[in-house]
Amino acid sequence: MLGALLLAYLFTRYPVCGADPAEPVRRAVAVELNLARLAAGRRPLESHPLLCRLARERAVEIADSGDLTTDRDYLERTTQRFYRDGYKPHFWADSTLVSSSLSGVLEQLHRARPDWVREAIGGEFDHLGVATATLDGQTVVTFMLALHRCTVERQRVAELSNIEAARAQALEEVNRQRREHDLAPVRRDERLANAAQGHAEDLLRRSYFDHRSPQGVTPARRARAAGFECPNLVAENIAKGLFTPAETVDRWMQHSDHRGNILHRRVTVTGLGVAVGPGELECFDVLWVQLFAG
């Protein structure tokens with residue numbers, strides 16, 4: 001109850017998508033949605049300037065044309081607009097209600113509860129834009145909702161904070177592949193894990209992607225530097241941008257050289273490293289390195 005009262009107070013004090021005569025309509029609708037989200041155990045939606053602009057453009061477009069239908073061109077155009085304006089959407093949705101009054105809009109939210117309202121209340125969204133326009137004396141209210149891709153990626157990379165679990169899962173996936181090809185399992189070697197971790201962190205820190213470092217250090221030299229003396233065979237797999245050990249091993253199995261390392265008959269030990277950090281083009285960079293030796 002305290003959270004609901006606080007939310008109502010904030011939305012009463014601060015405008016939603018700008019201050020103009022229609023602000024009370026937008027604010028009332030936003031409050032209704034967010035109170036319902038709190039009751040459903042979801043975090044409140046935050047007003048976002050881009051979603052406000054897109055909602056406004058859509059409301060005006062509908063008011064001018066009288067057409068509420070959504071076509072492919074609109075979907076593609078709006079998605080491109082998100083990216084052009086610097087918002088990376090994992091998912092976005094919009095909808096429009098038309099009624100003769102604010103009470104009619106709220107009535108539709110309360111009683112009709114169209115599918116998009118249920119999704120807005122219970123779905124994984126971050127941001128909200130609410131805009132209004134007038135169509136033949138009626139109120140047009142357009143809602144724009146979006147889930148930022150960084151929110152999704154942040155949840156996924158959080159699981160990689162437990163590097164021991166990631167190493168165990170990768171080892172399990174590698175040995176599953178080896179069993180399916182009638183090969184003996186490999187075992188984890190702490191020295192190789194340390195060497196792989198060091199290379200993963202170096203790839204992330206210096207923004208390169210190669211088996212050989214800028215100074216020419218090879219996988220074999222990294223293994224020896226970590227204390228793995230005189231190996232007969234050292235091989236290395238690297239990957240970027242994947243979020244789970246299962247995804248990473250699956251991608252390696254689709255690459256002939258990496259697949260060959262996983263299924264090499266002379267390989268007996270392995271070690272995995274993974275490094276996560278902010279990305280320049282993506283929300284997060286995830287670098288994977290797996291060393292094999294025998």
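Analyst: Accessible areas come from the Shrake-Rupley method with a 1.4 Å probe. On that basis, the accessible surface of the protein chain in this predicted model comes to about 15,100 Å², and 51% of this surface belongs to carbon and sulfur atoms.

The whole chain provides the setting. The protein chain contains 12 helices and eight strands. Its radius of gyration is 26 Å, well over the 19 Å given by the globule rule for 294 residues, so the chain is more spread out than a compact globule. Along the principal axes, the C-alpha trace spans about 85 × 40 × 35 Å. Of the contacts with a separation of 6 or more, 69% are between residues 24 or more positions apart. Buried residues make up 48% of the 294 residues.

Is Glu236 buried or exposed? A residue counts as buried when its relative accessible area is under 20%. The value for Glu236 is 5%, and therefore Glu236 is buried.

The surroundings of Glu236 can now be described. The side chain of Glu236 makes a polar contact with the side chain of His211, at 2.8 Å. Leaving aside neighbours within four places in sequence, the residues in contact with Glu236 are His199, His211, Pro219, Arg222, His258, Asn261, Val289, Gln290 and Leu291.

Methods. Residues numbered from 1 in each chain as written. Predicted model: local features only at pLDDT ≥ 70, side-chain atom pairs only at ≥ 80, totals over all residues. Heavy atoms only, no water. Helix = DSSP H or I, 4+ residues; strand = E, 2+ residues; numbered from the N terminus. Rg over C-alpha atoms; globule rule 2.2 N^0.38 Å. Buried < 20%, exposed > 50% of the residue type's maximum accessible area, 1.4 Å probe, protein only. Contact = heavy atoms within 4.5 Å. Polar contact = N/O pair within 3.5 Å; in protein donor to acceptor, adjacent residues only side chain to side chain.
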